Amino acid sequence: MHPILAVSGLSKRFPGVQALSGVRLEIQAGSCHALMGENGAGKSTLGKILAGIYQPDEGNIQFEGHAVQFHGPQDAVSAGISMVHQELLFAENLTVAENLCLGDLPRKGMWLDRKEMVRRAEGWLSSIGSSIDPTQTLGELPISKQQLVQIAGGIGRGAKVLIFDEPTSSLSQAEAQKLLELIRELKAKGVTCIYVSHRLEEIFAICDRVTVLRDGQVVDTVDTNGLSRDSLVRMMIGRELAASMEAHEEIPVGEELLKVENLSSPGKFEPVSFSVHAGEIVGLAGLVGAGRTEIVEALFGLDSHVSGKVTVKGKPVALRGPIQAMHEGFGLIPEDRKHHGLVLSMTAKENVSLPVLDLVSSLGVIEPGKERSLAQKFFDQMRVKAPSIDASSAGLSGGNQQKLVLAKWLAADTDILLVDEPTRGVDVGAKAEIHGLIRDLAAQGKAVLLVSSDLPELLSLATRLIVMREGHLVGELPANPGEESVMRLMAGVK
Amino acid sequence: MLGKVKSLFSVQQLGLVVIILLLGVVMTIFAGSHVDRLSGHTVNNFLNPTTLIQIATDTSFFAIMAVGMTMVIISAGIDLSVGSIYAMSAVLMSLVLQKFTHAPPFEQVMLGVILSCGIGVVAGFLNGIMVCRLGVHPFIITLGTMWVYRGIAFVTTKAMSILVPDSLTHVAKANLGLRRDLFPVPMLVMLTVTVVGALFLQKTTWGRRIFAVGGNIEAAKYSGLPINRILTSVYVIAGLCAGISAFVGTSFYGSSSSGDASGYELYVIASAVVGGASLNGGKGSAVGAMLGALLIVMIRQAIRTLNLDQNYEWIIIGVAIVVSVVLDRWSTVQAQRHLMRARQ
């Protein structure tokens, strides 16, 4: 084996931060190599430099034994390095075939050669074993299929190295499994894969070697074989992790705060009934599309077609909208922090105080001192890493943005917290802190309804589990039922 | 001292102030001078009280509306109908006041204010309700009402010019102790509207909520904000500002017609945008909007004062608007790029 890609002395500085310094890395041909690290460790920057998206300030890149310099992603693609992006960069209004051929549209004279385009796209898609119809509009495909189109594009252009940047962050468990399977197949065909991810399970499942980055420097490169999870985590965060996966004190269960009877929404979920008590963390398990997010959104009044009976503290309530839901004591920490959680054009402080402006104002005039101290309190409690509460929320990392969303709902101090995917795209350190906080909230006597696609997270946090499948409630399980039994219920396997 | 200035104006507004002052200096230097009829002194053609207050007066009619417009733009909307609301408020007020020619002056003025502002509020409310309830882009809604409101003004006046009672003109042209050819009232109204607008946007919960809705309407909804009421309110405010402007303008000139303020909506939008409002929403300021209006009027004035060919006025203003906005965007993109990179 020889290195297909070798990097030495690679440094990259962005204004105000040294993203990478003196990075040395060798990637063996035909291997699957993981780049790991907390948010801000520099793994994405490294991936983007290898894909020609960023240019390094210093350092050499050797590809197949030759020194290369990429001035843009096109250079990297023609050399044989393609990237599968975290956020998909596609024209959603065009067809699959048009997207695949966008850089090099086939022509017949001066006209677009549609037949050739479709033929080429079909070939590329079938080379990765996918049967997506190339004439379909891309935006109509689910994210997982759009990702396959991106991979097909890379392979079709003759990529020898594929860089995956957090590829499973928006996939369901089943879809993620399929993707990992595909990566294994690509590897078998001799394609070198570079895999940037937070998810330890995936790294252990498919990667041969892993390079851990911390604060822009390489901590170490090790074989995954014989590596323990704990030592990998320790390398990433440089300290012992507060044991998030271990046993915890029992939280006493209090009165019933939320009771849901025959709640249903046509086309989204069939009648479900459950209850959540103070001090409980009830996990909603299920695959993507099982109706979990839809249930929490309906409880928060965001679904106008919902029917059924919802009782809060023994009092029946109507689900008219978020304003009324908040009034009844609901808080929703939404799945998509950028679209639903934060107003990115506002500062951290302004985001935290947004749902509770009335508490920090008199006669409609904001009292700056009160607002600051309220924001600062929850900012500190969440340990948001930012220069100050006046920092722009757009400039924070994913983990810190998520903490900000949590801070916002801590400030709102609602009794029933609907928490949807609280740690998606969040690094290990922040994840443990968020887990700790959710437990604290339950210990304070709040009722928590938790949706998560991260099964280990759900199992470690939930004091009780409700399992959904395709809009139906298929079972209720006690704490720690074991991963397998939950999976079976979720997937409908006997 | 510098700290105080900084807290008053943002960096961008400071830039506008600097450009306006520079333009003033250039005009003072190149304007030449004339002998003043009243005092007999030799005065600069630009730097004299009459011209300066004249510029402020010209600015005020745009600027008052620009303060309202900037709130609409912050909410990620647009209001093309403000010029038409101005005309409708002006002519309806004038028509009603014609029935009260013998009423006491104070009552005439009060009735004028109430009518003009009230009609503006109602027109803005209709805009707001339609934007919220019909789910059509505000550009289309207000494009429609722009013609409807203008048409109402046209039909009710039969395209005639309507005089307003002298009492209104006495108020709008009051000297307030200044020389008898100086009329500071429109300027003072503009400053008041700007200060009230700025305080409203920066200091009140409602102002904050407008920024939130414009920055990310989904997140605002998920935070339990009353989206429809907030959105409706900005169109009401824009209508109110058009009504105030209509009262001041009509009183100042002594008459109104259905053609008043036609095309003003574009000047007003330009003022807000030059003043830093982003059409993507979530960004803008009342002080900036006023400064933007002032800059546009100053450029127009410069063409006259410096004896440039007036035929080029539109070209110069058009270029100036695009350049100032491009410069502003360029600087924010740079800042954002730094931020985004710093995150990686």
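Let's start in chain A, where strand β13 (residues 256-265) and strand β16 (residues 307-312) pair in the antiparallel sense over five bridges. Here strands are DSSP runs of E with at least two residues, helices are runs of H or I with at least four residues, both numbered from the N terminus, and two strands pair if DSSP finds at least two bridges between them. This is a predicted model, where local features need pLDDT of at least 70 and side-chain atom pairs count only at pLDDT 80 or more, while totals for chains, interfaces and linings use all residues. Residues are numbered from 1 along each chain as its sequence is written, chains are lettered from A in the order in which they are written, and side-chain values use heavy atoms, leaving out hydrogens and water.

To find a spot in that pairing, look at V260(A): its bridge partner in β16(A) is V310(A). Now zoom out. The open sheet has four strands, in the order β14-β13-β16-β17 of chain A, with antiparallel pairing. β14 (269-277) and β17 (315-317) of chain A stand at the edges with a single partner strand each, so one side of each has no neighbour in the sheet. From one strand to the next, the twist averages 15 degrees. Helix α9 (residues 292-299) of chain A packs on this sheet and touches β13, β14 and β16 of chain A; contact means heavy atoms within 4.5 Å. The direction of α9 in chain A makes about 65 degrees with that of β14(A), using lines fitted to C-alpha atoms (for helices over the stretch in contact) and angles from 0 to 180 degrees between N-to-C directions.

Elsewhere in chain A, strand β1 (residues 3-14) pairs antiparallel with strand β4 (residues 58-63) over five bridges. A6(A) has Q62(A) as its bridge partner in β4(A), and Q62(A) also stands opposite A67(A) in β5(A). β4(A) and β5(A) make a hairpin with two residues between them, and E64(A) in the turn has a positive phi of about 50 degrees.

Finally, chain B. The contact takes 25 residues from chain B and 45 residues from chain A. About 2800 Å² is buried between the two chains, with carbon and sulfur atoms giving 60%; buried area is the accessible area (1.4 Å probe) that two parts lose on being put together, summed over both. There are three salt bridges between chain B and chain A, each a side-chain nitrogen of Lys or Arg within 4 Å of a carboxyl oxygen of Asp or Glu. E350(A) forms a salt bridge with R208(B), with the closest N and O atoms 3.7 Å apart.
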